[in-house]
Amino acid sequence: MTAPSPALKPTAGALFKERLRLLRPDRIVGGLVAHLVLIAGALFVLLPFVWMLLTSVRKPDEVFTAGFNPIPDSFHGVENYGHALNQSPLLQFMGNGVIVCAGILVVQLLVALPAAYALAKLEFRIRPLLFVLVLLGLTVPPQVTALPLYMGLASLDLLDTYFAIMVPFFLSVFAIFLFRQFFKTFPMEIIHAARLDGFTELEILIRILVPSALPAIAAFSVFSITSHWNDLYWPLVVTTSPEHATPPLGMMIFRDQETGSNYGALMAGAAIITAPLVITFLIAQRQFVRGITMTGVK
Amino acid sequence: MAALEIDTVSKSFGGSAVLKAVSLDVRDGEFLTLVGSSGCGKSTILRVIAGLEPQDAGAVRIGGRPVDHLRPKQRNVAMVFQSYALYPHMSVKDNIAMPLIMQRLRLAERLPLVGRLSPRRAKVMAEIDGEVGAVARQLHIEQLLARKPAQLSGGQRQRVALGRAMVRRPDVFLMDEPLSNLDAKLRVHMRTELTDLHRRLGVTFVYVTHDQVEAMTMSDRVALMDEGRIVQLGTPADLYHDPLDLRVARFIGSPGVNVLPGTVTGAGVEVGGAQLPLPVAAAEGAAVQVGLRPETLSLDPPAGRPVLKIRLSATENLGAEVFLHGRADGAGDSPIIIRAPLDAFDRARAAGRLDGTVTVAVDPARAFVFDADGRRVGRRPVEAAVVRMPVPAE
Amino acid sequence: MTVLAAPSTPAPAPAAATVRRAVQSRVEARAGYLFATPALVLIVTILLAPIAVVIALAFTDYQLGAVEWAWIGLGNYERMLDDPVFWRSLANTFIYVAIVVPGSVVFALVVAILVNERKKTRTLYQIIYFLPVTTTLIAMSVVWHFVLNPQIGPIAALLRSLGLPAMDVFGDPDLVLAGLATIGIWQLVGFNMVLFLAGLTAIPRDLYDAADIDGADHPWDRFVRVTWPMLGPTTVFVVVTTTITAFRVFDTVAVITRGGPLGRSEVLLYAMYLEGFQYFDIGYAAALTVVFLVTVVALAVMQAFFLDRKVHY
């Protein structure tokens with residue numbers, strides 16, 4: 001790439017060419033290509049969303065003839081969404097989702113925050129052992145413990161309850177690990193000062209460390225709610241009645257009721273189930289992304 | 001080796017002008033320092049010279065040849081970054097070899113595996129190895145060639161960054177605060193090493209720093225910048241003894257220059273009751289600011305020279321010299337520092353002249369007079385060149 | 001309490017300090033145990049004990065509700081060796097992983113690099129690509145099933161209008177895994193993109209400037225000499241988490257194909273689910289679980305090894 005050294009006095013034409021190059025036409029072309037690639041990818045990503053929304057307002061007979069015609073001939077949304085909400089207790093499924101997610105998150109935080117503080121800043125004999133257990137726990141997927149937990153819950157006659165849906169997730173070793181990493185960076189001097197001021201360890205945790213960890217707590221909450229709102233495996237295992245069904249389960253129940261007939265209502269149902277998290281994401285987009293980055297890159 | 005001309009270069013970022021028609025001629029082989037506080041535009045000039053940032057207007061010439069249309073690699077400049085910008089995944093050897101590999105191997109030859117098919121490649125790589133080794137020997141880092149940057153100390157990384165710059169034999173060396181990440185002791189050491197390197201290479205150096213001590217101790221000439229303009233360009237002694245602007249007087253020198261309010265009179269300038277017989281290019285009665293370097297205030301008896309009365313508040317004994325802090329009576333109560341040699345301090349104390357107040361003699365020839373806008377209006381000192389440069393305090 | 005017995009006698013300063021430290025460390029230890037107890041109890045009851053039980057169950061022929069059961073040693077594993085469903089599931093899972101991991105990682109890397117250079121449209125693209133991550137995969141699986149429907153789906157209609165045959169993606173044994181993997185890639189690409197973007201923004205600008213001056217200003221050189229090596233740790237992390245996620249594919253199979261057609265979309269987790277919770281063949285399901293666990297742990301160990309050795313600088 002050794003360019004011939006330009007003459008001492010470039011000609012006017014050459015100068016003009018160089019000026020033109022300062023505008024970097026290669027960059028403009030590059031930017032255009034980049035946009036084309038990104039838009040093509042975006043179409044792939046958005047396709048199901050768009051089709052879901054379009055179909056959810058189509059008339060049933062039009063669904064079968066629409067092909068890839070994007071614009072619905074007539075607006076049938078009210079009927080479809082109404083049908084979805086009447087036919088299946090979708091709102092109840094979502095209520096169940098809220099109860100389950102909230103219950104799981106609260107217990108996870110109550111368990112993980114003190115444990116993380118103990119692991120990060122307190123000296124006690126079994127600390128190294130506890131930390132090893134946490135690290136090991138990080139590698140174990142939740143499906144591994146499903147069998148024994150199912151048997152245990154069955155023997156206690158607790159199947160098909162909110163408790164059964166929530167209990168395997170009360171412990172989040174990931175939360176313990178995340179908060180421990182966060183607390184580890186907290187200056188020891190402030191904790192010493194607080195002890196000298198007469199704070200108990202519990203007060204130090206609640207009044208000093210937890211407020212400082214709010215970004216991490218928010219990030220973890222995003223992570224926890226997203227994964228448990230959308231989780232299918234365990235609710236499918238322990239839930240038998242629609243009464244306690246979480247949104248994904250509800251979607252399956254609804255789909256089975258509607259097999260092959262009313263796609264408009266089915267898509268409306270999917271839109272309803274998907275809406276809460278998507279809307280939350282669109283509003284709190286930054287927090288979501290930051291949450292994923294913080295919880296993702298350990 | 002080449003001279004460097006910066007011709008009325010302007011640059012703005014999003015509406016805020018960072019460089020305002022800056023012109024600067026750097027002589028061939030000169031060590032020129034751009035100094036100023038952060039945000040004054042000094043690093044931007046460096047990036048414009050390197051071609052990392054296109055200027056909005058103006059031209060840059062290296063060795064008389066316009067380089068504005070050239071990419072950074074074609075300008076034959078080398079740059080040492082504040083963060084060193086070493087490639088963390090490459091060994092020291094590969095870091096230093098990088099510019100040569102890029103220059104001498106074609107794109108296809110640089111490809112992994114495929115590149116080895118080129119018969120030329122092995123020969124070129126051997127040449128490069130030899131040159132890298134020679135540079136490493138000059139910098140005393142031969143034993144570090146196999147290491148990764150993370151395994152090096154700050155000083156060693158600095159040398160690797162220098163090596164990467166030296167190996168391509170650039171026309172101009174650009175250095176962007178290269179010492180600011182080193183600890184104080186190493187920084188003092190590296191100052192002498194860099195000036196030594198400059199002398200050996202004989203190449204044009206453009207050095208950017210916010211540290212006036214570095215500017216004063218290393219450079220042939222210094223350009224002091226403020227708000228996107230060069231305020232004064234001159235030798236370190238010029239800037240110290242003959243500042244053309246109050247900003248220069250204040251920036252250069254430690255402890256800083258004393259600035260007292262004064263008034264223009266028929267006979268010169270009146271400051272704190274002292275009459276300084278200085279011809280001043282300003283109307284009688286105009287308010288001026290008088291700059292007095294701490295070492296120009298003498299504790300010895302005035303012997304007919306104008307005097308200032310100072311109420312003392314603190315004394316700092318540094319061993320060889322003493323700093324006396326106080327406020328000037330009648331000169332707006334301005335804070336003032338006197339820098340006295342220990343023997344003068346001892347004489348004054350023995351003579352009982354340090355009883356809470358002290359009378360100091362002012363040397364009118366070494367006083368700077370600035371107008372309300374900070375522009376120099378007083379006569380320039382005649383003997384500036386013969387006054388010995390005081391060693392700046394760390 | 002002998003430590004606190006004689007506070008009136010002025011002890012020598014160092015001794016007093018030792019005493020205070022001893023008291024403090026006891027207070028600390030007590031708080032430590034107290035704070036760790038809930039976590040510890042849960043670790044034992046819902047993590048360690050179940051894992052131990054799974055491993056033990058794998059050596060039995062226990063069926064849920066059965067009164068009698070026996071230890072059968074490695075019987076379940078022997079059965080596994082002869083079980084075509086197991087081998088099919090394992091093979092399908094690996095094929096799925098082999099499509100989803102490169103697909104979603106490369107796609108995400110390209111998107112991240114392109115998005116990272118955008119200024120005004122950066123957030124917009126980020127939102128679009130991230131959207132699938134937040135959605136309920138079950139609901140979107142139903143949508144995908146519809147979108148790829150060979151009779152009334154838009155893709156089929158598009159293909160028909162171009163004169164191409166419509167593909168019955170989920171009905172064709174040769175296409176079904178590719179179809180599921182497409183959904184897998186669709187869901188993971190935004191997540192991986194965000195991780196890559198974080199990695200990209202962490203690369204110091206100075207390095208690109210240095211590369212410019214050194215002559216590495218060709219886009220290929222910038223990528224090979226700066227971007228790619230600097231993304232090393234991120235890439236390893238992304239590959240491993242994607243592998244583990246892909247390995248746990250279940251939702252799309254459960255909703256769309258239920259293992260069909262011809263068992264060509266049976267995957268490990270789905271087999272585990274069927275054996276354990278549909279056929280209640282607990283012993284065999286436990287053995288499958290152990291295989292699943294060992295594979296996932298091996299992946300995690302590989303990650304730790306890689307991050308420590310290979311991409312360390």
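**Close-up views of a predicted three-chain model**

**View 1. Chain B as a whole.** Among contacts in chain B (heavy atoms within 4.5 Å) between residues at least 6 apart in sequence, 66% join residues at least 24 apart. This is a predicted model, in which local features need pLDDT of at least 70, side-chain atom pairs count only at pLDDT 80 or more, and totals for chains, interfaces and linings use all residues. Residues are numbered from 1 along each chain as its sequence is written, chains are lettered from A and ligands numbered from 1 in the order in which they are written, and side-chain values use heavy atoms, leaving out hydrogens and water. Chain B holds 10 helices and 20 strands, taken as DSSP runs numbered from the N terminus (helices H or I, at least four residues; strands E, at least two). Of its 394 residues, 54% are buried, where buried means under 20% relative accessible area, exposed over 50% and partly exposed in between (1.4 Å probe, protein chains only).

**View 2. Where chain C meets chain B.** Here 20 residues of chain C are in contact with 27 residues of chain B. Together the two chains bury about 2100 Å², 63% of it on carbon and sulfur atoms; this is the accessible area (1.4 Å probe) that the two parts lose on being put together, summed over both. The interface has 5 salt bridges, each a side-chain nitrogen of Lys or Arg within 4 Å of a carboxyl oxygen of Asp or Glu. Look for Arg164(B) with Asp214(C), whose closest N and O atoms are 3.7 Å apart. A network of salt bridges also links Arg47(B), Glu53(B), Arg205(C) and Asp209(C).

**View 3. A pair between two strands of chain B.** Arg61(B) and Asp7(B) form a salt bridge at 3.0 Å, N to O. Arg61(B) sits in strand β4 (residues 57-62) and Asp7(B) in strand β1 (residues 4-13), so the pair ties together parts that are 54 residues apart in sequence. Arg61(B) is partly exposed at 22% relative accessibility, and Asp7(B) is partly exposed at 30%.

**View 4. A pair within one helix.** Arg347(B) and Asp343(B) both belong to helix α10 (residues 342-350) of chain B, 4 residues apart, about one turn of the helix. Their salt bridge has its closest N and O atoms 3.8 Å apart.

**View 5. Ser141(C) and its neighbours.** Ser141(C) lies in helix α5 (residues 137-147) of chain C and is buried, with a relative accessible area of 0%. Not counting residues up to four places away in sequence, Ser141(C) touches Thr252(C), Val255(C) and Ile256(C).
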